[in-house]
Amino acid sequence: METFGYTGKILRVNLSAGSVSINDTLKYKEFIGGEGMSMKIMWDEVPAGTHPFAPENKIIFGAGPLCGTGAPCSGRTNITSLLPSSPFHGIASSHMGGYFATELKYAGYDLIVIEGKAASPVWLRIEDEKVRIEDARWMWGKGIFDTQAMVASFMGKEAQVAAIGQAGENLVNLSVIRTGASHSAGGHGGVMGSKNLKAIGVHGTGSVKIAASGKDWLELDAYMMSIIGANNQMVVPSTPQPWAEYSDKSSRWTGRKGLFWGAANPPVETGECDPHDMQSVGLRTMKAIFDLGAGAEKYTVRMGGCSHCPIRCHSQLKVPQLEKYGLDPYVANTCVGWSGPRGVMCYGIKDFDGNTGSDASIVGNAIGTTLADDYGVWCNYAQIGRDLKYCYDKGVFKRVLSAEEYASIPWSKLLSGDASFYFDFYERVAFKKGEFSHIADGSYWIAQRWNLGDDYWNDKSGKLWTRGGYPVHHSNEAGAQVGALISCFSNRDSQNHSHMNFIGSKLPVALQKEIAGEIFGSPEALDAPAVYTKMNVYKAKFVKYSLVRSMLHNSLTLCNWMWPMAVSPLKERKYRGDTSLESKFYSLATGIRMSEKELDETAAKCFTLQRAYTIMQMRTADLRNTHDQTTEWPITPDHAKDGSNIPQFTPGSIQMEKSDLELGRTMVYKEFGWDETTGAPTRSYLESVGLKDVADRLAAAGLLPG
Amino acid sequence: MKDFPEKREGESWFEKPRSRRDFLKMAGGSIAGLLVTASLAGAGKWEDPEAKELRVWAIPSGVIVHDPSRCVGCKRCEFGCSTRNSGKVSAELSRIKVSRNLNYGVEGVTAAYAKADGQMGNFRIVAETCRQCEKPACGNACPMNAIYADAKTGARVIDAKRCVGCGKCVQACAWNLPTVDPETRKTSKCTSCEGDPTCVRLCPTGAIRYMDYKEAEKLLWGADANSGATVVSGATA
Amino acid sequence: MGVISPDKKEQIAGAVADNPGALPADREAYTSRLIEFIRAESSAGRLTSLSALASRFPPPDELSRELGFSITSAIAEVPEAGDLKKMEGSSDAWYFSENTMTGNYALHLLRTEEKDPLMLIAETVRDESRIYPRPTDLTFFTDPPFSMNERELRQALGRMELRPDMSDIKRCAASNGATYLYSTRYLGETLAETLAEWIEVGQKQNP
């Protein structure tokens, strides 16, 4: 039977038994795909209390019905499992871009569910319907780049590979699973390592079927392309340009006259990218100068990115100086893939070893990123660098390391900004050398192990958002309570840009408020930057929209760094976007007609399931007080120069206020239909969405409110 | 009466030519000296003095050229092509081939991958596109006469009614560009989408152009025929 | 919808400008030439002044003798030229086509053409403080399309301090040393400082 969007097949791999089997995807259709289906499978099959590194844990690589269909920005792979760095090993998802999910769909699979543990290192080889578990003894111990090349040498050059490095092999909590040149999924590397699974190679020669006609599908694509902006759906260029009413120097729409991919042959000018010009969409976001400064222009070969995405937000650089350090000269990444490693040089990168000025910064950063990407070390959204600084500044290392180990670490390089410090740092971390390497356990575990106390959690410059041990990620600085509350609901850094792709559009605030009014019911949903107002129900709706859309995107999959399309760059549309596009693409691809509201409510159900699982793991229904609380610094007023408090909601302050945030929680719980006291899902909500079994299990465990 | 060139002694139809010279040898002639005017629609046959039968093909008006310096590996071209032309989305069925060279270039993975073409090396992406060859090896190899020059564009297109999916055209093509669809058991190849190529329209960086055939010749058949690096493209269509 | 490449735009603009030839006495034909030129210039990112039109395309005697004839009225009377907008400068008027240029961008160009850097800075800063609202980084004025040089900018800023009608324009600084301007008509000091700090430092710390 022909399936549309979905392939209809879930690949099941039992590494203990060495067996593979197939399940029917459509059994899980009501959970959409990707993350939604993964939550359901974990709920059904992995008991709360399982250790992330136990064979009973499962790791699920999820594509969704839109992967492989060509829908703009549909290349991400969702990975769901238990998270080693979380205090309670919370269920969480990581994501990697690149081409893996698309290839998986062309091979004929919607998801891969992996359980058990192989007796010795293996890799999973998927070639259409042929699936084999292969011996990985010669790959084990290799970095991620060589591992991918080895898999491709077996499977052919077209294979897409997901792999761990030495960090994942050694069960480092902060380790990644990577694919391609630059795409990382943070936090689950050790789960693969614990299963002795080194890599997954996929090659697919098949196709994804679309329910709609080819003509209609291409028309929908053309419509979406007409309203797409630049990275993070910023719709305003960074410099004044004739076609644009507005400009904003902080915009990621950096394309302009005289700005080149400087290392291309011949150099490619980004130019003034009129939003009606469909052949310059991929030139709008020259991300290298955005991430690394103006000096990066000459190193930029091109912009890259993920399958079926026209935006291209990964900077691909040629940095010849890297060869001096025994590294390959080509390095690529985006955003925190650069700034995470840069943060490890927590006193800055200065001139070193003949590298000066902006070159030193770029060469140094490139060393860090290359090592992190090869060893497969995660940064906990740049938190690892802040933890390093805290522990050095506060004498923690002096206290917890032996004198010998302390003396063996090249601190002088760190302090003087010599980026060759990275070689020592990443090797220690990836190979778990010494007590120092516990810096990569994750903030909660570091605090436990090294007795860091309340000061650590409440240090504003440390940016830890909750006692779950993860940092700010578009939190109170992003739409006041909207960002702040979004960040409270995950079991890791929130990885949520649903709100950013609107708040950060760079349109004038008045215009954004108008649009917010149309989407959320009132302009009050959106505060102007640093002009914050008290919590209101419209902000709560904005929070729900953001959480739900992130789950939806991780389920379809679509890139949450671009979607939803709340705005557009078109003056003739008054800059309005189209938030119903997800449902349009889903309906046309699968033939399952879902309205915007219906699809959102389905994603809300999936999000609620994640919530229910978290309750089972935390063994309390009172998520308000045990899970959803921030650390102290976000709710502490700033101080004026004379030491007096600057009250929250004073223009200029972005601090939150405790009771206001509690009200916010209540409002968000209400929007979801959860219990308003605890934030736990109620029986009536669960039954209304067909999750009676979830209600029953929670009730049996005494974890259902009321 | 045979419609395809004789195989010379010692040659195999299954050997992919290593150079354009090899390719021309296999095709049984050289490009120069075999020009025909566009007034010969479709293809005719004539006997050359060496008693070899050759089909005569009208020159296409345009041809697709891919620029590796601008390609960003998004694969929208593959999605657009396969959707428009096969009604389903696939890299394998796309008539413009990017996926096969995306990670490790045309040569494939070697120990020196880190500096070679491809995403895992120097980031250069070389797509393979149909050259709409003046003497198409695919067309001349087809035992069913299923490949002909489109009356409007001159693109070498496959008549699906005649095609039996034997794959001879795939093997004959120096780039193995035609693709047999295992679901339909028909072969497909680039038709230039009737003169308005979908890949060109969907490319977000203008890396793919539909050019006048004569202008494109030096880019497609130059000393470094795969590079396209001599193309200095404007940022807009 | 195709978009013309920058080189092509320049080519068109040049072709229109360089071939005035004999200007047609027919009003419609003459006005078409003007409209074509304005549109071509606008497409290339430039304004067209009334004085430039008059000198490049001097109206033939037959037309200029007509009662009430002026270049301005001739253009205004053409219904298909609704996309052409006219802005009044202090000593000239300026045209652009809103098909290829927004009014906001045209205003930047107009202010540059006025050759009054103090007014350019003050008015731009006020607009930014009002519209977005945000303080304005000094480098905004040394970058295109203003492209002031550093000395010019410093002198202008110095002279602005002495202008009572510009007393609303204040400075603030981010912690990395970047200097911003804002208008107190629309932004308070604390907010301006916070926003400057966010733009320069905060955003990079929150990628």
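**Backbone, interfaces and sheets**

Guide: A:Thr557 is located in the loop that runs between α20 (537–556) and α21 (581–590) of chain A; helices (DSSP runs of H or I, at least four residues) and strands (runs of E, at least two) are numbered from the N terminus. The model is a predicted one, in which local features need pLDDT of at least 70 and side-chain atom pairs count only at pLDDT 80 or more, while totals for chains, interfaces and linings use all residues. Residues are numbered from 1 along each chain as its sequence is written, chains are lettered from A and ligands numbered from 1 in the order in which they are written, and side-chain values use heavy atoms, with hydrogens and water left out.

The peptide bond between A:Leu556 and A:Thr557 is cis, with omega about -25 degrees. In chain C, a cis peptide bond leads from C:Tyr132 to C:Pro133, where omega is near -15 degrees. C:Pro133 belongs to the loop between α7 (117–131) and β4 (136–137) of chain C. A further backbone feature is A:Asp128, a residue other than glycine whose phi is positive, near 55 degrees. A:Asp128 sits in the loop between β7 (122–127) and β8 (130–135) of chain A.

The domains of chain A come next. Chain A is divided into domain 1 (9–203), domain 2 (317–462) and domain 3 (481–563 + 595–700), with bounds taken from an automatic or database domain assignment. Between domain 1 and domain 3 of chain A, the C-alpha centres are 29 Å apart. In this pair, 39 residues of domain 1 of chain A are in contact with 36 residues of domain 3 of chain A, contact meaning heavy atoms within 4.5 Å. The size of an interface is often given as the accessible area lost when the parts come together. Domain 1 and domain 3 of chain A bury about 3000 Å² between them, 63% of it from carbon and sulfur atoms; buried area is the accessible area (1.4 Å probe) that two parts lose on being put together, summed over both. A:Ile32, A:Trp43 and A:Phe88 provide 29% of the area that domain 1 of chain A buries against domain 3 of chain A, more than any other three residues.

Two salt bridges are counted between domain 1 and domain 3 of chain A, each being a side-chain nitrogen of Lys or Arg within 4 Å of a carboxyl oxygen of Asp or Glu. A:Glu30 is joined to A:Lys605 by a salt bridge whose closest N and O atoms are 2.7 Å apart. Across the interface of domain 1 and domain 3 of chain A there are 17 residue pairs in polar contact, both residues at pLDDT 80 or more. A polar contact is a pair of N or O atoms within 3.5 Å; within protein, one must be able to donate a hydrogen and the other to accept it, and residues adjacent in sequence count only if both atoms are side-chain atoms. On the side of domain 1 of chain A that touches domain 3 of chain A, α1 (34–45), β4 (77–82) and β5 (91–96) of chain A each supply at least two residues. The largest share of that side, eight residues, is contributed by α1(A).

The contacts between chains follow. Chain A brings 30 residues into contact with 30 residues of chain C. The area buried between chain A and chain C is about 2400 Å², with 57% on carbon and sulfur atoms. Within chain A, the residues that lose the most area to chain C are A:Pro240, A:Pro242 and A:Lys249, together 23% of what that side buries. Three salt bridges are counted between chain A and chain C. A:Asp248 forms a salt bridge with C:Arg134, with the closest N and O atoms 3.2 Å apart. Between chain A and chain C, 17 residue pairs are in polar contact, both at pLDDT 80 or more.

Finally, a sheet of chain C. Its three strands form an open sheet in the order β1-β3-β2 (chain C), with antiparallel pairing; two strands pair if DSSP finds at least two bridges between them. The edge strands, each pairing on one side only, are β1 (48–49) and β2 (84–88) of chain C. Two bridges link β1(C) to β3 (residues 93–97) of chain C in the antiparallel sense. C:Ser49 is opposite C:Trp94 in β3(C).
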